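Colleague: Could you walk me through reading helix contacts and charged pairs in a model like this?

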Amino acid sequence: MRQRLWIAYLLHRLSGLLLVLFLPFHFYVLSLAVRDSERLDTFLALTGQPLVKFAEFGLVFLLAVHLFGGLRIMALEFLAWNETQKTLAAASIAISFAVATLFLLRAI
Amino acid sequence: MLDLRLYMIQRISALIMVPLVIGHLALMIYAIQGGLTAGEILSRTQGSWFWFAFYGLFVLAVSVHGAIGFRVICHEWLGLRQGLGLLTWSFAGGLAALGLYAVVAVT
């Protein structure tokens, strides 16, 4: 159990770090809308490619893991749940969330 | 955590972002149908106060939330002790500036 909790902590921290490092790039690309919309269209055309779909899958996964890991932490801090319930709940929701979203994104 | 106030702001900004993240993902699922172009994005967002408010709030919340998280990582993993305040403020400021520029660019 202690090992799994450590993994949960590490996943949460690493997913947050990767997401926050991705953001400046994301904001830069969007700002091309006003500065150079042709370049933006070039970037957007890239989103059809499998490698980009895979990267999108990665980002959605990181987001799901981070969001539900965070909700798990707040449930721990503010609700009278026990440990196993919370970990299982977060894990199952994260997986189903990621799968459902990815299916809808047609990245699979 | 380094400071109770940062801790609470971290959690509050996270709660603010839960509906914003869900909304953003829902929009992305809708928007990518049939391919994505700058024109399509702009036709939806340009001149819209709603999207300006939505993404403006999102950018501010994530700048704060990410900067505090980054601060904690720098302290716990890099052993940084001096200049944490400066690090946090400049990270938050940089992210917010880039993000708000992008929000204004599309709205």
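Modeller: Let's take the ground rules, then a helix pair, then the salt bridges.

Modeller: This is a predicted model, where local features need pLDDT of at least 70, side-chain atom pairs count only at pLDDT 80 or more, and totals for chains, interfaces and linings use all residues. Residues are numbered from 1 along each chain as its sequence is written, chains are lettered from A and ligands numbered from 1 in the order written, and side-chain values use heavy atoms, with hydrogens and water left out.

Colleague: How do the axes of helix 3 of chain A and helix 1 of chain B cross?

Modeller: Helices are DSSP runs of H or I with at least four residues, numbered from the N terminus. Axes are lines fitted to C-alpha atoms over the stretch in contact, with angles from 0 to 180 degrees between N-to-C directions. Here, helix 3 (residues 50-78) of chain A and helix 1 (residues 4-31) of chain B have axes that come within 11 Å and cross at roughly 135°. That makes the pair oblique, the class left over once under 35 degrees is roughly parallel, over 145 roughly antiparallel and 65 to 115 roughly perpendicular.

Colleague: Which residues make the contact?

Modeller: Contact means heavy atoms within 4.5 Å. On the chain A side they include A:Leu63, A:Leu67 and A:Glu77, and on the chain B side B:Arg11, B:Leu15 and B:Val18 are among them.

Colleague: And the charged pairs: how many salt bridges does the structure hold?

Modeller: Side chains of opposite charge can pair when their charged atoms come close. The cut-off for a salt bridge is a side-chain nitrogen of Lys or Arg within 4 Å of a carboxyl oxygen of Asp or Glu. Over all chains there are two. In one, A:Glu77 pairs with B:Arg11, with closest N and O atoms 2.9 Å apart; that pair runs between chains, from helix 3 of chain A to helix 1 of chain B. Another links B:Glu76 and A:Arg13, at 2.8 Å between the closest N and O atoms. B:Glu76 sits in helix 3 (residues 49-77) of chain B and A:Arg13 in helix 1 of chain A, so this pair joins two chains.

Colleague: Is B:Arg11 buried or exposed?

Modeller: Buried means under 20% relative accessible area, exposed over 50%, and partly exposed in between (1.4 Å probe, protein chains only). B:Arg11 has 12%, so it counts as buried, while A:Glu77 is partly exposed at 33%.

Colleague: What does A:Tyr9 contact, beyond its neighbours within four places in sequence?

Modeller: A:Tyr9 touches B:Glu76 and B:Trp77.
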